[in-house]
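I set out to record helix faces, helix packing and backbone angles, one entry at a time. The entries follow the order in which I looked things up.

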Amino acid sequence: MNETEQLLEQVAARAHHSSQGHGKPLPAALGAEEIARAEGILGFALPPLLAALYTRVGDGGFGPECGLLPLRDAVRAYGAGRSSAWRWPEGVLPIADFGCSMSVCVDCRSDTAQVLLFDPGLGEPELAWSIDTPSLAAWLHGWLDGTAWYCDGSGAGEEFDLELTPWDGFRSRI
């Protein structure tokens, strides 16, 4: 079993355990045709790990904070962002809502599926984007092991005071 398969199994186990603990069933996984339909609307492919989360674990509702957005909601949020005054970057898909208008996004054009934070509270569009983790896999590992800044009990948010690296790719993608 490779690293990605292990990660998917760990995420699935945590997602199913969490859904049982909250008394809500985990949304059903999507089929390949639903992924293809979403990719057709978006105009780009989902990173393989993100697609696998939707097809093998469930259609959102698991993960940090309120969990991954259902794919349909992520596609809608991307479309809304692209048509907004915020000049949403091409290929950057919102995958989770962290409240206070902060969104977690995956750069679908990045080889590693880099995870970005969008925080419009910072004012200008150029300032609203920062790098959360270098890859979707690292973001998921941080959630699973409780070391990510957004995890309760993690000292990372306080330790780093959430001074995240600005995302330099913004200007080239609007």
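**Entry 1: Ala-113 and the ground rules**

I found Ala-113 buried, at 4% relative accessibility; buried means under 20% relative accessible area, exposed over 50% and partly exposed in between, with a 1.4 Å probe and protein chains only. I located Ala-113 in the loop between β2 and β3 (115-118). Helices (H or I, at least four residues) and strands (E, at least two) are DSSP runs numbered from the N terminus. I noted a phi near 60° for Ala-113, a positive value in a residue other than glycine. In general, most residues other than glycine have a negative phi.

I am working on a predicted model, in which local features need pLDDT of at least 70 and side-chain atom pairs count only at pLDDT 80 or more, while totals for chains, interfaces and linings use all residues. Residues are numbered from 1 along each chain as its sequence is written, and side-chain values use heavy atoms, with hydrogens and water left out.

**Entry 2: other positive phi values**

I looked up Arg-87, in the loop between α4 and β1. Its phi is near 50°, again a positive value in a residue other than glycine. Arg-87 is partly exposed, with a relative accessible area of 35%. I also noted Gly-146, which follows α5 and has a positive phi near 75°.

**Entry 3: helix α4**

I checked the length of α4 (residues 71-82): its twelve residues reach 16 Å from first C-alpha to last, close to the 16 Å expected at 1.5 Å a residue. The expected span is 1.5 Å times one less than the number of residues.

Which residues of α4 are buried? I listed Leu-71, Ala-74, Val-75, Tyr-78 and Gly-81. Seen down the helix axis, these buried residues fall within an arc of 125°, so they line one face of α4; the arc is that of the directions from the helix axis to the C-beta atoms. The face turned away from the buried side carries the exposed residues Arg-72 and Arg-76. The cover over the buried residues of α4 includes α2 (32-42), α3 (48-57) and β1 (92-97).

**Entry 4: α2 against α4**

I recorded a packing angle of about 5° between α2 and α4, with their axes 10 Å apart. Axes are lines fitted to C-alpha atoms, for helices over the stretch in contact, and angles run from 0 to 180 degrees between N-to-C directions. The two helices α2 and α4 are therefore roughly parallel; angles under 35 degrees count as roughly parallel, over 145 as roughly antiparallel, 65 to 115 as roughly perpendicular and the rest as oblique. Glu-34, Ile-35, Ala-38, Ile-41 and Leu-42 of α2 make the contact with Leu-71, Val-75 and Tyr-78 of α4, contact meaning heavy atoms within 4.5 Å. By class I have seven nonpolar residues, no polar and one charged. Ala, Val, Leu, Ile, Met, Phe, Trp, Tyr, Cys and Pro count as nonpolar, Asp, Glu, Lys and Arg as charged, and the others, Gly among them, as polar.

**Entry 5: α5 and α3**

In α5 (residues 136-145) I found Leu-136, Trp-139, Leu-140, Gly-142 and Trp-143 buried. Their arc is 155°, so these residues line one face of α5. The axes of α3 and α5 come within 9 Å and cross at roughly 50°; α3 and α5 are therefore oblique to each other. Leu-49, Leu-50 and Leu-53 of α3 meet Leu-136, Ala-137 and Leu-140 of α5. I classed this contact as six nonpolar, no polar and no charged residues.
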